[in-house]
Amino acid sequence: MDIATKSLRTLRTGKTLDDLIKRDTREVSLAVLSDEELYQWELENLFAMSWNLLGHKSEIPDANDYMVRHIGEDQVIVARDRQGAIHVSLNVCPHRGMRVALGEEGNTPAHKCIYHGWAFRPNGDFIGAPVEKEQMHGALCSKAELGLKKARTHIYGGLIFATWNENAPSFDDYLGEFKFYLDMLFNRTDNGLEVLGAPQKVSMDCNWKCNGEQSGGDGFHTLTLHRFLIDTLFGSTEGGSDPADVAPAMYGINVSANGHNLRCIPVEMTFAMARDMNATQMSLAEQLAKLPPPGITQNLVPQLTKHLSDKQIELLVKAAPQVGGMFPNIQLAFVYAPQPDGEMLGGLGMHIIVPKGPLRSEFWTWLFAEKDCPEDIKEKMLRSSIQQLGTSGLIEMDDSDVYPHMTLAAKGYKGRKDMTLKYQAILGENKPEGWPGGGKVFAGFSKDDTQWEWWEAYYAAMNKTYDY
């Protein structure tokens, strides 16, 4: 990661990025959660210049389908044309600045602005204005110059990403060594994933980074904020029991690359079934049959060998990536979902936190299943995922309580002036022998390492200069 050694920009407050992010002591000023000028800087350097997740191709399966999403605070139209290609265009009419698409989704061969009737194809090209013979678009610009502003687009594992930055690194470079791990979640079956319904959306009075930095790998809050999960799954923690006994998921392997992070949790730390399997005496095929990875049913197991390496399959079986995030504002949750009858299914959830100003955000949640899963299994996965994840999930209702309080604290004079977020509990790189993937690897009790890597990526991205 290319990180400048000195801040290149000064805010009106006189503060520089080095004042806000103290890299020598691993502290971040609480002011980063409320400063308006810093927020505008983020819209320029983070959201406009990096890759942004907008949704999944299964949300717009047919020709002329479209949905409206966001790159930072810019609203965009994500549309599929007649040839099946997906395009991302700024939802702003180049005539007088009106929104072109007013609904959240739909199907149309032409997007027409209601103000003066300018019309555009799904790919953003300008079709024309009413009363063609009068040429109401004028003669100074050609029709080719009057299309909607188009973003650079990339489809990965069915996920739709876009950026305004024509000179941004390739998507593969953006993922870097993280791709090895992400392929295990999104590129492992013949027909891939599909969304289970429309994304959930909820507004929160919080700065977007409250969730962004947590998705950088904060495992420790499981012991406190999500205490009920520990009590429910592993028995009451009253009496001061050792964390290794009451919170087995705190021990695992955290991975960081390019600001992206994942927690790979050994399955025997979570399920008695896995501890009883005696995996050392079983082949990978036998382990897959006994306890498939989250989201994989028995009929899909043979497809894993077609799409993943033996090392990736082994990691999926023994310590599947379960929670983490993609820089800057994407969160992943890939969890086992034990059923009442003992069946072991899985659920995949993905979040983005959409900035709506320094003090407000929207939390979006998609839930997925493998497209080739039987319909009754998809229904079970959806039910389990809704219970755990998203706006109605038992887990993330806890998190949504915390973020607004952090943001309120950042508004106060003393809070923003003197208080810092601290990332000083560092484990250090510690890659287990034979670990198959790259990136920085931190094996052991989950500490602040990967979250600090998120802030290092933030510092590097914010400190770049662009020729706007």
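Where is Arg23 found? In this predicted model, Arg23 lies in the loop that joins strand E1 (21-22) to strand E2 (27-29). Its relative accessibility is 29%, so Arg23 counts as partly exposed, given that this class covers values between the 20% limit for buried and the 50% limit for exposed. Although Arg23 and Tyr459 are 436 residues apart in sequence, their C-alpha atoms are 9.4 Å apart in space.

The loop between E1 and E2 also holds Arg26. Arg26, with a relative accessibility of 26%, is likewise counted as partly exposed. Its backbone has a positive phi of about 55°, although Arg26 is not a glycine. A positive phi near 55° is also found for Val131, again a residue other than glycine. Val131 is placed in the loop between strand E10 (126-128) and strand E11 (152-156). The peptide bond from Phe327 to Pro328 is cis, with omega near 5°, and Pro328 belongs to the loop between strand E17 (321-326) and strand E18 (330-338). In general, most residues other than glycine have a negative phi, and most peptide bonds are trans.

Among the helices, the axes of H4 (residues 179-186) and H11 (residues 310-319) come within 10 Å and cross at roughly 70°. H4 and H11 are therefore roughly perpendicular to each other, and their crossing is right-handed.

Definitions and conventions: Residues are numbered from 1 along each chain as its sequence is written. This is a predicted model: local features need pLDDT of at least 70, side-chain atom pairs count only at pLDDT 80 or more; totals for chains, interfaces and linings use all residues. Side-chain values use heavy atoms; hydrogens and water are left out. Axes are lines fitted to C-alpha atoms, for helices over the stretch in contact, and angles run from 0 to 180 degrees between N-to-C directions. Helices (H or I, at least four residues) and strands (E, at least two) are DSSP runs, numbered from the N terminus. Angles under 35 degrees count as roughly parallel, over 145 as roughly antiparallel, 65 to 115 as roughly perpendicular and the rest as oblique. A crossing is left-handed if the near helix is turned anticlockwise from the far one by less than a right angle, and right-handed if clockwise. Buried means under 20% relative accessible area, exposed over 50%, partly exposed in between (1.4 Å probe, protein chains only).
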